[in-house]
Amino acid sequence: MLEIKDLYAGIDGKEILRGLTLSVQPGEVHAIMGPNGSGKSTLANVLAGRPRYEVTSGEVLFEGKNLLDMPTEERAREGVFLAMQYPVEIAGVNNIYFLKAALNAVRKHRGDEELDALEFLQLAREKMKLVELDEAFMNRGVNEGFSGGEKKRNEIFQMAVLDPKLAILDETDSGLDIDALRIVAEGVNALRSEAHSVLVITHYQRLLRYLVPDFVHVLANGRIVKSGGKELAEELEQKGYDWVETAEVA
Amino acid sequence: MNETVQEIAQQEYKYGFVTEIEADVAPPGLSEDIVRYISEKKNEPAWMLEFRLKALRHWFTMKEPTWANVSYPPIDYQAIRYYSAPKQKKKLNSLDEVDPELRETFSKLGISLDEQKRLSGVAVDAVFDSVSVATTFQAELAKVGIIFCSFSEAVQHHPELVRKYLGSVVPYTDNFFATLNSAVFTDGSFCYIPKGVRCPMELSTYFRINQAGTGQFERTLIVADEGATVSYLEGCTAPRRDENQLHAAVVELVALDDATIKYSTVQNWYPGDKQGRGGIYNFVTKRGKAFNRAKLSWTQVETGSAITWKYPSCILQGDDSVGEFYSVALTNHYQQADTGTKMIHIGRNTRSTIVSKGISAGHGQQTYRGEVKILKNAENARNYSQCDSLLLGDQCGAHTFPYIEVRNATATMEHEASTSKIGEDQLFYAQQRGISAEDAVSMIVNGFCREVFRELPMEFAVEAQKLLGVSLEGSVG
Ligand SMILES: Nc1ncnc2c1ncn2[C@@H]1O[C@H](COP(=O)(O)OP(=O)(O)OP(=O)(O)O)[C@@H](O)[C@H]1O
Ligand SMILES: [Mg+2]
């Protein structure tokens with residue numbers, strides 16, 4: 001599904017990722033943990049094709065295709081979804097209208113028929129239930145005036161509707177109350193299947209209790225310094241990052 | 001109603017389309033002789049010539065205004081041709097014969113000519129260069145007493161009405177460009193809705209500047225008699241040319257007691273190229289006068305012209321009269337716009353609403369200039385103004401100059417303003433969801449303009465949305 005090979009990347013002339021290698025197979029859930037500023041969001045943004053991020057060397061293959069060569073929207077249409085750490089507000093653009101445009105762009109790219117308003121609404125209603133998002137949110141501007149937690153839930157709602165092959169969740173759990181956390185995890189679990197992979201960036205073990213990862217990686221100083229199974233997350237929670245970082249140096 | 005158009009269309013196919021229009025043009029320059037030449041060409045009565053000459057003499061004493069926030073090289077008024085008429089004797093009878101440039105513009109907007117026929121419930125007066133070439137549905141409208149014809153015809157057939165109302169809202173001394181227009185205007189549309197009649201269809205004028213080196217000076221006069229109601233649409237296009245062309249029109253609206261006039265414009269004159277070469281100078285005076293309980297509503301979508309200088313205004317003369325101004329103005333590349341409105345409250349309980357949405361992209365510069373005047377007898381006058389700017393990129397500019405003058409303490413004034421920017425983050429967010437940057441921009445822009453678009457008649461709203469899309473092409477990414 002996703003092959004990252006010796007990736008070096010940064011922003012505004014600052015090198016942040018320094019030789020990152022990671023391989024995600026279809027159906028796998030990988031958790032990425034690591035100290036603040038270690039480059040987790042940078043990785044997510046580089047994969048999504050955010051402007052201003054520059055890749056200096058390395059390679060990223062998505063289903064065998066060179067991901068870094070694709071424009072941002074094409075990556076999305078190919079099935080890469082990024083639930084952002086800080087979802088953006090777009091005032092005046094109806095949330096549901098926005099999502100319909102997105103879904104139809106993706107469907108068109110895949111060669112599927114575009115959904116009409118009615119079909120779309122049906123799908124949207126179904127997914128809304130999944131994330132327990134009130135219908136009132138649909139007719140507001142995209143994330144306009146949403147609370148922090150509502151924004152995160154809206155991200156998961158969008159993900160559920162767009163049905164991406166690779167979902168990258170950048171701290172989707174931060175700022176969520178306990179119920180919302182469960183809802184988000186359930187949303188992601190519903191997506192979990194042979195065909196879908198998830199990269200979940202988080203600081204907390206608590207999300208991973210609901211959303212059990214196949215692998216846990218520790219990112220420090222721009223590269224993966226330790227990988228393991230779900231127990232690694234627990235260990236990190238107890239011992240902190242110093243332990244891995246020193247372990248790595250040793 | 002469709003029969004007329006069908007009939008005309010059938011008729012027309014016999015002759016095929018006119019691709020090149022040969023024109024009858026006056027020599028360049030402005031003088032009493034030229035004014036007499038125009039008046040004579042149009043076989044005008046003496047009072048009409050007199051009106052023109054008074055205006056011309058006054059114009060020679062005036063100076064071009066410089067207060068607008070636009071810059072352009074000096075215009076040589078002696079180099080412009082003030083008269084150009086299609087030479088063909090045969091009158092164009094329908095929009096189907098409209099020149100290919102206009103068709104092309106429409107097809108670029110995604111409106112094929114077949115679809116265009118869906119507009120068949122709209123009566124159209126088509127003005128090419130200086131002359132009205134076709135007015136549809138005249139017979140149909142005449143049944144309810146509505147007069148809808150070219151200005152020239154009105155001067156011939158309804159001189160009493162023209163004479164009574166011409167210059168009654170925009171006097172020939174009004175301002176440099178209006179005075180120039182009063183001297184040399186060649187055609188335009190005239191419309192009279194009799195007492196108590198609700199016009200059964202939308203009336204519209206399509207203006208087209210075709211000939212090189214000419215100015216276009218058309219004049220529109222709409223009179224809604226007591227209790228009458230009319231909705232009027234105006235659309236404009238011009239071919240691409242490297243030179244700048246002057247368009248100085250005057251529109252006068254008269255809404256007598258209890259009458260309603262809704263005037264909508266989708267202005268898409270050639271804006272010049274990406275480097276700022278060519279384009280229309282659109283220096284237009286639009287004003288309406290509302291008598292007791294009458295209502296005037298201006299809705300405009302301005303995407304074209306190299307320079308726009310335009311302030312559709314309302315004189316709220318009568319008690320309980322209402323004025324509205326809804327505007328979307330877009331400037332891209334090197335376009336400049338200084339636009340806004342004036343609401344003059346004279347009568348008691350007069351109300352006005354101003355909603356202005358300015359969008360700037362590229363190196364576009366835009367100024368909103370609005371004046372709200374509450375005169376001393378205007379008890380309980382109310383104004384609400386909202387003025388929003390949207391910027392795309394950081395090389396464009398938006399400026400706001402609201403002028404408020406209140407001479408009656410019972411007035412209520414509300415003013416809101418905002419400036420926002422389409423940010424890189426918003427575009428990234430949309431793109432990350434699979435939406436192209438262009439589509440994202442057009443969604444944001446349409447959302448921004450919604451309050452104005454919903455004031456437009458349906459067909460126009462669709463056209464306006466597409467136009468904004470086309471006009472913003474190349475402004476992102
Ligand atoms: N425009 C920029 N110019 C310079 N440095 C930047 C820029 N943007 C981000 N950085 C730096 O890059 C580093 C990595 O940032 P990143 O957002 O990827 O960290 P993170 O691992 O996601 O941290 P957190 O856990 O706090 O979200 C940080 O030190 C940050 O300050
Ligand atoms: Mg981060």
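Student: How far does a polar side-chain atom of Gln85(A) lie from an oxygen atom of ligand 1?

Tutor: The model is predicted, with local features needing pLDDT of at least 70 and side-chain atom pairs counting only at pLDDT 80 or more, while totals for chains, interfaces and linings use all residues. Residues are numbered from 1 along each chain as its sequence is written, chains are lettered from A and ligands numbered from 1 in the order written, and side-chain values use heavy atoms, without hydrogens and water. For Gln85(A), the distance to the oxygen atom is 3.2 Å.

Student: How much of the area that ligand 1 exposes when taken alone does the protein bury?

Tutor: Accessible areas here follow the Shrake-Rupley method with a 1.4 Å probe. Taken alone, ligand 1 exposes 640 Å², and the buried part of that is 68%.

Student: Which helix gives the largest share of the shell around ligand 1?

Tutor: The ligand is surrounded by 15 residues, each with a heavy atom within 4 Å of it. Strand S2 (14-24) and helix H1 (40-48) of chain A each supply at least two of the shell residues. Helices are DSSP runs of H or I with at least four residues, strands runs of E with at least two. The largest share, three residues, comes from H1(A).

Student: Which residues have the most contacts inside the largest nonpolar core?

Tutor: Such a core joins buried nonpolar residues through side-chain atoms within 4.5 Å, buried being under 20% relative accessible area with a 1.4 Å probe, protein chains only. The largest has 113 residues, and those with the most contacts inside it are Leu2(A), Phe157(A) and Ile359(B).

Terms used. Buried < 20%, exposed > 50% of the residue type's maximum accessible area, 1.4 Å probe, protein only. Polar contact = N/O pair within 3.5 Å; in protein donor to acceptor, adjacent residues only side chain to side chain.
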